[in-house]
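Please open the structure in the viewer and keep the sequence beside it.

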Amino acid sequence: MSVSSGVHAALNPGGVIGNGRYRLLAKSGADARSNAELWRARDGQLNRDVALTVLLGNLADNEAAARARRTVERAMHASSFTHPGVSRVIDVLTPGTGIRPDEGILGIVIAEWTQGTDLVDLIAEGPLPAGAATRLLEPLGAAIEGAHHAGLVLGADHPQRIRVTSDGRLRLAFPGPRPDAIARDDVKGLGAILYLLLTGRWALPGGPQGVPVAPTGPDGSVVAPNALHPYLPHDLSSVAVRSLEDTSVGGIRTSAAILQVLDQIAAEEAQTALIPAVASPRDDDDDQVVWTTQRPRQDKQQKKKLWISVGVLALATLTVIIWLSVQIVGFFSDEPSKGGGPTVVINQPGSNGQTAPPPAAAGPVQPGQIGVYDVTNQPDNANQASRAVDNNAGTFWRTDNYFQQFPTLKPGIGLMASFAEPVKLASVTITSPSKGTHVEIRVASALDSPIEETKVVGVADLSDGQTQIQLNDHEPTGHVLIWITQLTSSGGGKNQTEIREVLYTRAQ
């Protein structure tokens, strides 16, 4: 079934739907698979912009009505899931409950409006560099992974449902999964979005008009991105194609596997800068900051190159200085663990395939595991936990960005370190730029101990740089938690904490 265009006179800019509450401002796209139109609208009651997924069709068509009803139900069910990579569902409407039977509308999903720009507009002038693509995609991938752990499907498999936020992240802006969509479709969507960023082509059926279709080989499989652009990293090109394959051998079937590769590529492409945010013209109907691929004018090109070079040099110099100030604590690889209670996704360390025993004397001690500890089963950037102990102050683990401070959405979040044998610590030193973050150092009897069964042995507000936290006397323990109860706030609804390095020091 194709998307109806103007099935009702109101489905045009300036039209009003939803019993007169929502005035349509601009159409963002259409998803033909769901017979849906995607609109930016103005909520007349709350006086704010919203994102509308409008499901079109004839109420007398029982099959279409049932499919629309299932989409609305799934969207409402997902409204309990909160993540910066997904626009929050505010409300849903159905015929008889906010929709007049004669509107030609079978359902509406209302979500908060995402400031920024459309994903399709971002790649309109050409594909992005590998580093920029990975950094844009990671937050959306993390959202999909978190939703799947919660048993939810997001429906992130159409490019016009995705927007680029003003701070440079991909976000599912128009929620509303198809009635028959499964988690595998989200994974395919993630791979197709990566393919789009790298090539400017869409690799799944039902893409929007005007976006070129990905080329296929003689066997019908999608041509790898690095076959079109040889400069692309092989691993990144491979993960894009393998995410689209349905084969049981060689195909990537989880978003966690995609995130692992993105993390690796992001580290390798650390000097690749994201496209800068630029101010848009003053207009009440347009966002004030957008992401753009527009090429700079020739007279600004040299200035831009000089600016990037100076920035990279300054970052490299700072990294070397900080790196020399800390002691090597080992190299860590990512490996998820399983367990009950709070979610603790751990990372197993290794050095040339061997794990060194902890030193017997006072001094730095190496944890055997480190991972994100989260009592809500939605751990932030779980695959990046090892960056906090990788002896590289240029890498980091950080929380998601929260629009409201703890404990509004969750009581806190932390990093749980486990040691090869019980250890008594004298101090924990945290290197972080997140001034004002409040942390508690807690000891635990087990990796997944409930937070109320852990014991506070030290507290501190982080400074910008190194913060050494002296610990109270405690019994030797195998598990130490850095528990964040207040994030650093930079205003404008941005509350986030970044941890670059953690050093554990054994007591005498």
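This is a predicted model: local features need pLDDT of at least 70, side-chain atom pairs count only at pLDDT 80 or more; totals for chains, interfaces and linings use all residues.

Keep Y402 selected and turn to the second largest pocket. Y402 is one of the residues that lie nearest the centre of this pocket, together with T82, H83, P84 and L409. In total, 22 residues line the second largest pocket, and its volume is about 420 Å³.

The next stop concerns aromatic rings. How many aromatic pairs does a search of the whole structure find? The search finds four. For one of them, select Y373 and W483: the ring centres lie 5.7 Å apart and the planes stand at 90°, so this pair is edge-to-face, as planes over 60 degrees apart are counted.

Now display the strands that carry these two residues. Y373 belongs to strand 16 (residues 369-374) and W483 to strand 23 (residues 477-486). The pair thus links distant parts of the chain, its members being 110 residues apart. Y373 is buried, with a relative accessible area of 0%. W483 is buried as well, at a relative accessible area of 3%.

Finally, return to Y402 and F406, this time with their rings in view. Why is this pair edge-to-face? The ring centres of Y402 and F406 are 5.1 Å apart and their planes meet at 70°, and planes over 60 degrees apart count as edge-to-face.

Conventions
Residues are numbered from 1 along each chain as its sequence is written. Side-chain values use heavy atoms; hydrogens and water are left out. On a 1 Å grid over the protein atoms alone, a cavity is a set of points where a 1.4 Å probe fits but cannot get out, and a pocket is an open set with protein on both sides within 12 Å along at least five of seven lines; lining residues have an atom within 4 Å of a point. Grid points are joined across faces, edges and corners, and a volume is the space filled by probe spheres set on the points. Rings of Phe, Tyr and Trp (its six-membered ring) pair if their centres lie within 6.5 Å; planes under 30 degrees apart count as stacked, over 60 as edge-to-face and the rest as tilted. Helices (H or I, at least four residues) and strands (E, at least two) are DSSP runs, numbered from the N terminus. Buried means under 20% relative accessible area, exposed over 50%, partly exposed in between (1.4 Å probe, protein chains only).
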